[in-house]
Each structure stands twice: as C-alpha cells, then as structure tokens.
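Please look through the sequence and the model shown below before reading on.

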Amino acid sequence: MRIQEDISLAEYTTFYIGGAARYFTTVASQSQLKNALEWGTAESVPLFILGGGSNLLVSDDGYAGLVVKIDIGGVEYETDAGEVMVKAGAGVNWDRLVQDTVRRGLWGMENLSGIPGTVGAAPIQNIGAYGQEVADTVRWVEAMHKETQEVKRFANEECEFEYRSSFFQTDAGAEWVITRVAFVLDPAGSPNRSYTDLQDYFASEYEPSLSEMREAVVDIRADKFPDLDAVGTAGSFFTNPIVSKEKFAALQDMYPKMPGWEMKDRQIKIPFAWILDHVFDLKGECRNDICFFQKQPLVVVNYGEGTAEDIQALASHVRARANDELGLAVEREVTTLGIE
Ligand code: NAP
C-alpha cells in the first residue's frame with residue numbers, strides 16, 4: 001500500500017476544484033481497502049472515500065485526512081433460471097457497465113446511460129434518470145465496515161432506497177465502504193419512454209430497440225448537459241424539492257405554470273431547474289467563473305478558475321431565496337468534502 005502526501009484533489013473531481021489531501025491512496029481490491037482503513041485508524045486520521053469525483057465539491061482548503069480512491073474493478077455475468085445477474089466492482093465506470101449490459105441485450109439500466117461516476121457511488125444516492133433508478137435492478141450491495149473491516153452484503157430492501165437517497169447516506173450507512181454491487185437485468189425487457197424527452201425523440205408508434213434507447217438517452221443528455229471534457233461540473237447541484245399537495249397548490253397560486261410530478265407517496269416533486277429559470281431568473285448567471293448552465297440551470301459549471309467559495313456563495317444565495325420567497329428547503333445534491 002502506498003500512502004501519498006499533499007495530493008491535489010482538483011484533478012480527481014469533475015468540478016476541477018479543491019485543495020490538497022494530506023494523505024491519499026488508491027485501492028484496487030478488498031484487501032488493499034482493508035489495509036488502508038487499518039492505516040487510517042492507526043494514524044487516527046479522518047477518512048474520505050472517493051469514487052469518480054463526479055458528484056463532489058472539495059473545499060479550496062483541501063482535506064486534512066486520508067482520501068481513499070476506490071479502484072476495485074471486475075465485471076462478472078451469471079445466468080440462472082432465465083435471470084441474468086451482473087456483479088461489478090465499485091470502481092468500475094458506471095457508463096461502461098451500462099454500455100456492456102446493452103451490448104449483451106440486457107434491459108434495466110439503459111435509461112441511466114451517460115451518467116458519470118462509478119458503480120460503487122450509484123446506490124449511495126440511488127441515481128436515476130428518465131424513469132429508471134438503480135434501486136430497480138440492485139440485488140445486493142457488498143460493503144466493508146470502516147472500523148471493523150467486516151464485509152457484509154446488503155439486500156435491496158436493506159439499502160432503504162428512496163428518491164435519490166439510500167441507507168448509505170445515513171450516519172449508520174456512512175460507516176460502510178461499498179466494494180461491489182450485483183444487479184439483476186432482464187433479457188426480455190421493453191423500452192421505458194415515460195419521459196417527454198424520450199417520447200419526442202421517437203415517432204409515437206415506433207418501438208425502439210435496447211441500443212436505440214441508450215443512443216437516445218446519450219443524445220438527449222449531450223444536448224442538455226455540459227460536456228465533462230470541456231467544462232468542470234458535478235451535474236445537478238441541488239435536489240428537486242418534494243412538497244405536500246397543499247404546499248404545491250399554494251405555490252401554484254403564486255406561479256400557475258409551476259410544474260410538479262406526483263410521487264409514489266402522493267407528495268409532489270418540483271423540478272428546481274424551473275424555479276431557477278422562471279422564478280429566480282438565474283439561468284446563465286455567474287459569479288466569477290462559476291455559472292448556472294444556460295441549457296439546464298440545475299447544473300452548476302466551472303468555466304476555468306472557479307472556486308468552492310464562489311459555488312458556496314451562489315448556493316447560499318439560492319437557498320436563502322428558496323426559503324424566504326417560496327418557503328422551500330433546498331438541499332445540495334453534490335457531496336462535499338471539507339465544507340459544512
Ligand atoms: P427533465 O427530463 O427535464 O425532467 C425535469 C424534472 O421533471 C425531473 O425532476 C424529473 O424527475 C421530472 N419529470 C419529468 N418527466 C417526468 C415523468 N414522466 N414522471 C415523473 N417525473 C418527471 O430532467 P433533466 O434535468 O433533463 O434530467 C434528465 C434526467 O436525468 C432526469 O430524470 C434527472 O432526474 C436525471 N438526472 C439524475 C441525476 C442523478 O441521479 N443524480 C443527476 C442529473 C440528472 P426525476 O428527477 O425524478 O427524473
């Protein structure tokens with residue numbers, strides 16, 4: 001195991017922002033992870049687990065602890081009684097896994113094409129897009145306890161998946177480091193075109209194939225979201241607020257065109273991008289090099305020299321306005337390191 005010192009974290013995040021980690025190591029197996037966790041405990045340094053860095057904002061001052069980058073690879077397929085299970089290491093690139101499953105004719109992840117990040121990060125916030133979420137296909141999540149190094153498999157129900165959240169975001173769940181995830185996919189699935197963007201993409205009577213669904217999602221995303229190779233971003237910066245029907249009705253009295261989607265529990269999810277655009281008029285607005293992306297203002301972009309401080313200032317402004325003007329509590333979707 002090699003522990004490096006004073007490693008800049010900006011290059012490990014897709015925001016390209018952040019100071020240095022006091023200690024940094026990369027682990028490619030469970031046993032390397034165990035060694036890293038034991039080293040952190042022995043040295044009494046705080047610990048941060050890093051995946052693809054695509055949903056992370058690191059403080060400009062960096063992190064005075066040990067950052068463990070998860071690089072555990074490996075993808076295995078198993079077929080049993082018509083069911084196909086794929087097990088993937090936590091460090092596997094999410095979109096490469098989706099591409100591989102689509103190539104093999106397996107349905108279940110195609111609408112999650114083009115999402116940056118790793119397999120291990122996907123269950124933590126229950127990534128979702130265009131009517132699919134990982135909770136729909138996860139069979140189990142394998143994880144190592146940070147203190148005891150016990151390895152445990154969490155069945156789907158134990159992951160407590162909800163809209164963009166899971167057990168792994170709770171205090172008890174944060175004690176675990178995800179090492180592998182198993183998904184069950186369907187060789188005989190059918191396209192989910194419930195979202196308008198996908199309905200608009202295909203002629204209404206056309207039944208797209210699995211690979212056409214993936215292509216459509218990749219194309220739609222390329223049109224709407226910034227190119228990660230060109231600008232810094234961590235994707236959607238805030239989560240969409242979820243409110244009661246009564247609260248939504250009160251908001252619609254003020255803004256009759258405000259959209260809302262009913263959730264399984266009958267609460268209403270409001271697309272916060274609409275509020276940023278139509279209520280706060282912040283689309284394309286910037287502070288220094290940090291901007292609300294013109295085509296999708298929920299996405300915060302760094303056009304070069306932006307800092308975590310710039311982002312925090314913009315985010316505080318938005319949260320205060322959401323609270324004061326609309327009575328909405330808005331949460332950050334991105335994970336932070338070294339930032340309260
Ligand atoms: P969009 O398609 O413009 O939709 C905007 C909002 O309306 C989203 O909150 C979406 O809910 C909701 N919505 C639209 N059609 C819906 C339907 N038929 N039923 C229920 N809700 C509906 O969204 P976008 O900003 O361009 O993003 C595209 C997709 O990528 C969305 O599904 C978005 O959630 C997803 N995405 C996910 C992450 C993540 O997992 N961290 C990050 C960025 C984008 P949902 O949010 O529930 O889809």
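What follows is a short report on selected parts of this structure.

## How to read the model

This is a predicted model, in which local features need pLDDT of at least 70 and side-chain atom pairs count only at pLDDT 80 or more, while totals for chains, interfaces and linings use all residues. Residues are numbered from 1 along each chain as its sequence is written, and side-chain values use heavy atoms, with hydrogens and water left out.

## The sheet of five strands

An open sheet is built from 5 strands in the order E6-E7-E12-E10-E11, with antiparallel pairing. Here helices (H or I, at least four residues) and strands (E, at least two) are DSSP runs, numbered from the N terminus, and two strands are said to pair if DSSP finds at least two bridges between them. At the edges stand strand E6 (75-80) and strand E11 (151-155), each of which pairs on one side only. From one strand to the next, the twist averages 20 degrees; such angles run from 0 to 180 degrees between N-to-C directions, and the axes are lines fitted to C-alpha atoms, for helices over the stretch in contact.

Strand E10 (residues 138-145) is joined to E11 in the antiparallel sense over 5 bridges. Within this pairing, methionine 144 stands opposite valine 151, and glutamate 142 has arginine 153 of E11 as its bridge partner. The hairpin of E10 and E11 has 5 residues between the strands, and there glutamine 149 takes a positive phi near 65 degrees.

## Helices on this sheet

Helix H1 lies across E10, E11 and strand E12 (176-185), and runs at about 40 degrees to E10. Helix H2 (residues 94-103) also packs on the sheet, where it touches E6, strand E7 (83-89) and E12, and its direction makes about 35 degrees with that of E6.

Tryptophan 39 belongs to helix H1 (residues 30-42). If its neighbours within four places in sequence are left aside, tryptophan 39 is in contact with Met1, Ile3, Tyr23, Val45 and Leu66, where contact means heavy atoms within 4.5 Å.

## The sheet of four strands

Another open sheet has 4 strands in the order E13-E19-E18-E17, and its pairing is antiparallel. Strand E13 (232-236) and strand E17 (286-287) are at the edges with a single partner strand each, so one side of each is left without a neighbour in the sheet. E13 pairs with strand E19 (residues 299-302) in the antiparallel sense over 3 bridges, and glycine 232 has asparagine 302 in E19 as its bridge partner. Helix H7 (residues 308-326) lies across E17, strand E18 (290-292) and E19, at about 35 degrees to E18.

## Around the ligand

The ligand is surrounded by 20 residues, the closest being Tyr163, Tyr195, Lys224, Lys269 and Gln296; a residue counts as near if one of its heavy atoms lies within 4 Å. This shell divides into 8 nonpolar, 6 polar and 6 charged residues. Strand E8 (128-129) and helix H4 (210-224) each supply at least two residues of the shell.

Which distance separates an oxygen atom of the ligand from an N or O atom in the side chain of tyrosine 195? That distance is 2.6 Å. A backbone N or O atom of tyrosine 130 lies 2.9 Å from an oxygen atom of the ligand, and for a backbone N or O atom of glycine 128 the value is 3.1 Å. On its own the ligand has 800 Å² of accessible area, and the protein covers 83% of this, with areas taken from the Shrake-Rupley method with a 1.4 Å probe.

Conventions. A polar contact is a pair of N or O atoms within 3.5 Å; within protein, one must be able to donate a hydrogen and the other to accept it, and residues adjacent in sequence count only if both atoms are side-chain atoms. Ala, Val, Leu, Ile, Met, Phe, Trp, Tyr, Cys and Pro count as nonpolar, Asp, Glu, Lys and Arg as charged, and the others, Gly among them, as polar.
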